[in-house]
Amino acid sequence: MSSTSQTATTEYSFGQKLRGYFALTKPRVMELLLVSTVPVMFLAEGGLPDLWLVFATVFGGAMSAASAASFNMYLDRDIDVHMKRTENRPLVTGEVSPRGALAFSWVLAVVSTIWLLAFTNWLAATLSAVAIFFYVVIYTMILKRRTEQNIIWGGIAGCFPVVIGWSAVTGSLDWPPLVLFVLVFLWTPPHYWPLSMKYKHDYDDVDVPMLGVTRSAWQVGLQVILYAWATVACSLLLVPVAQMGIVYTASALVFGGWFIYESHRLYNRALRGTEPRPMRVFHASITYLTLIFLAVAVDPLLPF
């Protein structure tokens, strides 16, 4: 039976619908975005920030990220039904209706902005709203289906948690969060392009020009290498800019070296014509970013 007929005939329980709405938020992506919020608050405070402020920022940021993800699923529901990676999303299965998803997205967008305005400050709330706009309009509606550079510029939306976290603590912006903003910007392509290699045929079937579709495996691998090197170089720039200590410096060098190694490994395998195993780099990139931001949080707590 096709997914369309399943949608038309299947009755879902309240619990299933609730899980469907939760799935709209892309919880794994949301986790990754929040990983870059809290450590920057430690850096901005120069130690342990106010715990209520951390909670308020994380809760508001989570709603904001959930809103963007939900809008994305609503807008992409026509292609999600044709892709194996997305065929079980709630708008495809019918657990959530398009009207329900759209209303859910708007409610989260409005409530997250009001929440951040009430419990953090106007700058954090504004940056959160801009992040939603960037992901939904610039990436999903304009870039995604038109250019292979989609994830480069669309990925800017994923950089905003860094500046939101900093501005929530300080009420302003400075060079350290801007360096970390650029770090996440440079990290996004070598994180996502391996995924586009893995699901190349999915994207090709729905005419989404991800780099993994438009370029050969070795060309994608080369781009991954270049961006990985740029990411690590940017991470080291934080050392003089934010006067980071030995913990962050060592972490940036060690984990950055590992990330670069995995990127070269992907390229070399693609160049030899063997299976490049792109998901190895995809998962490595997530671990790398998590460890780097963990070091950002730990470093201000130590006297060296």
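Setting aside neighbours within four places in sequence, Tyr 267 is in contact with Trp 218, Gly 221, Leu 222 and Ile 225. Contact means heavy atoms within 4.5 Å. This is a predicted model: local features need pLDDT of at least 70, side-chain atom pairs count only at pLDDT 80 or more, and totals for chains, interfaces and linings use all residues. Residues are numbered from 1 along each chain as its sequence is written, and side-chain values use heavy atoms, with hydrogens and water left out.

- Tyr 267 sits in helix 16 (residues 246-272). Helices here are DSSP runs (H or I, at least four residues), numbered from the N terminus.
- Tyr 267 is buried, at 17% relative accessible area. Buried means under 20% relative accessible area, exposed over 50%, and partly exposed in between (1.4 Å probe, protein chains only).
- The C-alpha atoms of Tyr 267 and Gly 221 are separated by 4.3 Å. Along the chain, Tyr 267 and Gly 221 are 46 residues apart.
- Thr 231 belongs to helix 15 (residues 217-242). Thr 231 is buried, with a relative accessibility of 0%.
- Not counting residues up to four places away in sequence, Thr 231 touches Leu 183, Leu 186, Trp 187, Pro 190, Phe 259 and Tyr 288.

**Helix 12 against helix 17**

- Helix 12 (residues 175-198) and helix 17 (residues 278-298) have axes that come within 7 Å and cross at roughly 160°. Axes are lines fitted to C-alpha atoms, for helices over the stretch in contact, and angles run from 0 to 180 degrees between N-to-C directions.
- That angle makes helix 12 roughly antiparallel to helix 17. The classes are roughly parallel under 35 degrees, roughly antiparallel over 145, roughly perpendicular from 65 to 115, and oblique for the rest.
- The crossing of helix 12 and helix 17 is left-handed. Left-handed means that the near helix is turned anticlockwise from the far one by less than a right angle; right-handed means clockwise.
- Residues of helix 12 in the contact include Leu 183, Trp 187 and Pro 190. Those of helix 17 include Phe 282, Tyr 288 and Phe 293.
- By class, the contact of helix 12 with helix 17 has 17 nonpolar residues, two polar and one charged. Ala, Val, Leu, Ile, Met, Phe, Trp, Tyr, Cys and Pro count as nonpolar, Asp, Glu, Lys and Arg as charged, and the others, Gly among them, as polar.

**Helix 9 against helix 11**

- Helix 9 (residues 122-143) and helix 11 (residues 160-170) pack at about 170°, with their axes 8 Å apart. That makes helix 9 roughly antiparallel to helix 11.
- Helix 9 brings Leu 123, Ala 124, Leu 127, Ser 128, Val 130 and Ala 131 to the contact. Helix 11 meets them with Phe 160, Val 163, Ile 164, Ser 167 and Ala 168.
- The contact of helix 9 with helix 11 has nine nonpolar, two polar and no charged residues.

**Helix 3**

- The buried residues of helix 3 are Met 30, Leu 32 and Leu 34.
- These buried residues pack against helix 4 (38-45), helix 5, helix 12 and helix 17.

**Aromatic pairs**

- The structure holds 14 aromatic pairs. Rings of Phe, Tyr and Trp (its six-membered ring) pair if their centres lie within 6.5 Å; planes under 30 degrees apart count as stacked, over 60 as edge-to-face and the rest as tilted.
- Phe 55 and Trp 115 have ring centres 6.5 Å apart and planes at 80°, so the pair is edge-to-face.
- The pair links distant parts of the chain, 60 residues apart: Phe 55 is in helix 5 (residues 51-75) and Trp 115 in helix 8 (residues 98-119).
- Phe 55 is partly exposed at 43% relative accessible area, while Trp 115 is buried at 19% relative accessibility.
- Phe 160 and Phe 181 also form an edge-to-face pair, 5.6 Å centre to centre with 80° between the planes.
- Phe 160 lies in helix 11 and Phe 181 in helix 12, so this pair ties together parts 21 residues apart in sequence. Phe 160 is buried at 8% relative accessibility.
- Trp 52, Phe 55, Phe 59, Trp 115 and Phe 119 form one aromatic cluster.

**Positive phi in loops**

- Most residues other than glycine have a negative phi.
- Lys 26 has a positive phi, near 50°. Lys 26 is in the loop between helix 2 (14-24) and helix 3 (27-35), and is buried at 13% relative accessibility.
- Asp 207 has a positive phi of about 60°. Asp 207 lies in the loop between helix 13 (200-205) and helix 14 (211-214), and is exposed at 62% relative accessibility.

Note on methods
Helices (H or I, at least four residues) and strands (E, at least two) are DSSP runs, numbered from the N terminus.
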